[in-house]
Amino acid sequence: QDEETQHSLECIQANQIFPRKQLIREDENLQVPFIELHGESTEYVGRAEDAIIALSNYRLHIKFKESVVNVPLQLIESVECRDIFQLHLTCKDCKVIRCQFPTFEQCQDWLKRLNNAIRPPSKIEDLFSFAYHAWCMEVYASEKEQHGDLCRPGEHVTSRFKNEVERMGFDMNNAWRISNINEKYKLCGSYPQEIIVPAWITDKELESVASFRSWKRIPAVVYRHQSNGAVISRCGQPEVSWWGWRNADDEHLVQSVAKACASDSRSNSNKLVNGNCSRDFSNGGDLSDVEFDSSISNASGAESLAIQPQKLLILDARSYAAAVANRAKGGGCECPEYYPNCEVVFMGMANIHSIRKSFQSLRLLCTQMPDPGNWLSALESTKWLQHLSVLLKSALLVVHAVDRDQRPVLVHCSDGWDRTPQIVALAKLLLDPYYRTTEGFQVLVETEWLDFGHKFADRCGHGENSDDLNERCPVFLQWLDCVHQLQRQFPCSFEFNEAFLVKLVQHTYSCLFGTFLCNNAKERGEKHTQERTCSVWSLLRAANKAFKNLLYSSQSESVLYPVCHVRNLMLWSAVYLPCSSPSTPTDDTCAPYPVPGSSPEDQPLGRLPKTRSFDNLTTACDSSVPTTNRRSSDPSLNEKWQEHRRSLELSSLGNPAEDPFEGDGLSKQGRALVGAELSVAAGVAEGQMENILQEATKDDVGLEEHLRGSLETAGKGDEIALDKEKRAEHLHG
């Protein structure tokens with residue numbers, strides 16, 4: 001009876017709290033050019049120059065003669081009127097949309113409509129995810145036996161903390177304990193309610209430490225190496241200030257982390273002797289590759305094993321100068337004299353303002369007509385790949401310390417919710433193959449980004465009254481870009497493919513799902529987002545074949561050691577570059593649930609609409625059929641790879657079902673990735689990008705030799721292969 005009452009309330013919400021709006025047509029003959037999602041209501045339909053334009057409470061839809069633009073409103077960052085008759089839309093994922101109108105008045109009308117539609121919500125319920133869930137529940141109420149938990153994440157997500165403690169093998173009898181000091185978020189509003197600390201540290205000491213750490217973000221253990229017992233911890237900066245304050249309890253806690261590793265019943269008894277007490281990689285972006293490689297190879301291996309206790313590595317994401325400058329604001333960094341048996345390293349990662357500026361430069365470059373002669377220098381001037389390189393180097397330093405040197409690591413930046421989750425989550429991804437599975441990756445995102453308070457609402461700009469542009473920054477997108485770089489270097493190590501990451505980028509901003517709403521878990525609990533919105537993991541689930549990596553092997557490397565040099569990184573063309581072929585209109589439905597009578601596991605919820613270049617997946621994989629904008633170096637054209645891929649696609653995609661999430665907010669550029677595996681075969685857009693790079697460097701023999709030489713010195717693992725023969729041998733080797 002209670003369940004039926006709940007269903008009735010949800011139906012009332014759908015019909016009364018989120019009523020449909022009246023449709024306004026510029027022309028009575030115009031029809032809504034797309035199938036609406038549950039809870040979606042189209043407000044305006046009009047004509048643009050050679051196009052039909054429609055605006056709903058969720059999306060902007062522009063149907064040109066040969067292409068379709070379909071973008072969620074929350075993905076649009078700004079709208080401007082250019083050249084009197086043209087609207088220029090800038091998106092948060094680097095895309096730019098242009099739409100021409102016949103008259104100035106029409107252009108101004110749509111400018112006003114769109115600016116009203118994309119402004120941050122005055123209350124969170126104005127975001128479409130709430131209406132979408134409420135109307136979905138109305139459908140669920142009538143079909144509850146078939147679609148019980150489709151909108152919910154799996155048990156591996158909801159019980160992640162307990163499962164992770166058991167999986168990583170923490171010794172809860174002697175070394176560690178779970179503290180409930182943050183129950184109901186009474187200590188720190190941006191931390192989870194349960195945290196792992198050394199067993200002998202009392203809650204009273206933790207309260208003292210909280211008074212000394214930025215935003216009360218105390219050192220909390222988030223990962224344990226299952227073989228040697230070394231751990232990764234994270235926190236906010238110490239509040240040293242110009243007065244040089246110190247806190248005995250904080251110093252004791254930091255040292256206790258290393259002692260707890262030593263007393264862990266399953267940790268390795270060998271301890272390491274470590275080098276200098278302080279190192280500064282503040283010029284990480286300019287640090288030579290030789291210097292970086294030598295810095296992480298020192299004091300590692302069997303030669304450095306000794307009886308002395310482990311030295312804890314404190315990795316400060318900032319430069320030394322930035323850390324010292326923060327003392328003027330009441331922050332600062334650890335003084336090695338006060339933290340014995342610790343080593344402090346500064347990585348020199350840029351702050352959110354520099355990253356935002358870099359991303360804006362990248363967006364400007366990617367929306368202009370490519371100039372092959374200047375492309376590489378223009379890309380370098382954005383510094384985007386340099387920032388990725390420094391982030392990868394920082395994570396790799398953590399991996400070396402934990403895996404090879406068996407040392408505990410403490411990571412922080414200023415507040416601990418931007419650069420810190422980037423480093424920690426990337427390090428965990430490199431260290432543990434579980435996080436490279438679909439379910440494990442979901443747990444990783446939920447833990448390091450959501451539980452520990454990355455400010456998604458402020459950084460993405462979809463929070464209540466989040467008008468401050470200085471708070472916006474694509475921090476999570478930058479991290480996903482690094483994950484994409486790892487996918488390229490290790491194509492057999494990830495269970496999910498590139499399309500999975502592209503979808504995750506889009507739905508970080510789309511607000512179709514409630515996963516990335518609010519700034520922390522406390523706010524999400526107060527707003528009841530988990531109960532009132534759908535989870536993005538219901539779409540990006542392990543059973544969804546559209547996001548499976550066909551090359552995945554669970555027997556691949558346990559620990560990944562990527563190449564971090566800028567010359568080995570590639571621009572993420574599937575996200576940043578316009579699609580080489582416009583999307584063709586499809587007849588896919590928008591129903592949020594599987595087709596009745598079919599198995600949910602067989603429903604490719606994330607299948608992306610085909611493009612002109614891929615009208616038929618099986619023929620697109622046939623090397624005998626000519627394809628456009630592809631090079632012989634493209635691994636998808638490798639003969640053995642084609643045979644393997646053809647056999648898998650014929651068995652798994654022989655009868656493709658309708659895409660229930662068609663219209664979930666994909667812009668046309670993102671639809672170039674089809675449901676089959678394209679994480680290595682980077683698609684038409686990337687093939688075009690490679691042509692640009694080839695054209696830009698075809699006369700530069702010195703650079704070609706330099707790139708070839710870099711492959712010979714690359715670290716172990718699936719190094720990224722820039723040379724044609726190297727890439728082909730690597731994929732079917």
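**Figure 1. Surroundings of tryptophan 479 in the predicted model.** Beyond the residues up to four places away in sequence, tryptophan 479 touches Gln422, Ala425, Leu426, Phe441, Leu444, Val445 and Trp449. Tryptophan 479 also belongs to one aromatic cluster, formed with Phe441, Trp449, Phe456, Phe476, Phe494, Phe496, Phe500, Phe516 and Phe547.

**Figure 2. The largest nonpolar core, with 171 residues.** The members that touch the most other members are Trp176, Ile232, Leu426, Phe441, Trp479, Trp572 and Tyr576. Helix α12, spanning residues 384-404, makes the greatest contribution to this core, with 13 residues. The core lies between domain 1 (17-119) and domain 2 (155-268 + 310-368 + 375-576), because both give residues to it.

**Figure 3. The aromatic pair of phenylalanine 456 and phenylalanine 516.** The structure holds 26 aromatic pairs. In this one, the ring centres of phenylalanine 456 and phenylalanine 516 are 4.9 Å apart and the ring planes stand at 45°, so the pair is classed as tilted. Phenylalanine 456 is located in helix α15 (residues 456-460), whereas phenylalanine 516 is in the loop between α17 (498-510) and α18 (521-527); the pair therefore ties together parts that are 60 residues apart in sequence. Phenylalanine 456 counts as buried, at 0% relative accessibility. Phenylalanine 516 is likewise buried, its relative accessible area being 2%.

**Figure 4. The aromatic pair of tryptophan 572 and tyrosine 576.** The centres of the two rings, those of tryptophan 572 and tyrosine 576, are 6.4 Å apart. Their planes meet at 85°, which is over 60 degrees, so the pair is edge-to-face. Tryptophan 572 and tyrosine 576 are both buried, and both are among the residues that touch the most other members of the largest nonpolar core.

**Figure 5. Arginine side chains over aromatic rings.** Arginine 113 lies over the face of tryptophan 110, at a distance of 4.7 Å from the ring centre. For arginine 167, the charged end sits over the ring of tyrosine 435, 5.1 Å from the centre of that ring.

**Figure 6. Cysteine 413, annotated as "active site" in an unreviewed UniProt entry.** Cysteine 413 is placed in the loop that runs between β18 (409-412) and α13 (419-431). With a relative accessible area of 2%, which is under 20%, cysteine 413 counts as buried. Apart from neighbours within four places in sequence, cysteine 413 is in contact with Gln237, Asp316, Ala317, Arg318, Arg419 and Thr420.

Definitions and conventions. Residues are numbered from 1 along each chain as its sequence is written. This is a predicted model: local features need pLDDT of at least 70, side-chain atom pairs count only at pLDDT 80 or more; totals for chains, interfaces and linings use all residues. Side-chain values use heavy atoms; hydrogens and water are left out. UniProt positions are given in the numbering used here, feature names are shortened, and annotations may be inferred rather than shown by experiment. Helices (H or I, at least four residues) and strands (E, at least two) are DSSP runs, numbered from the N terminus. Buried means under 20% relative accessible area, exposed over 50%, partly exposed in between (1.4 Å probe, protein chains only). Contact means heavy atoms within 4.5 Å. A nonpolar core is a set of buried Ala, Val, Leu, Ile, Met, Phe, Trp, Tyr and Cys residues joined through side-chain atoms within 4.5 Å. Domain bounds come from an automatic or database domain assignment. Rings of Phe, Tyr and Trp (its six-membered ring) pair if their centres lie within 6.5 Å; planes under 30 degrees apart count as stacked, over 60 as edge-to-face and the rest as tilted. A charge sits over a ring if NZ of Lys or CZ of Arg is within 6 Å of the ring centre and within 35 degrees of the ring normal.
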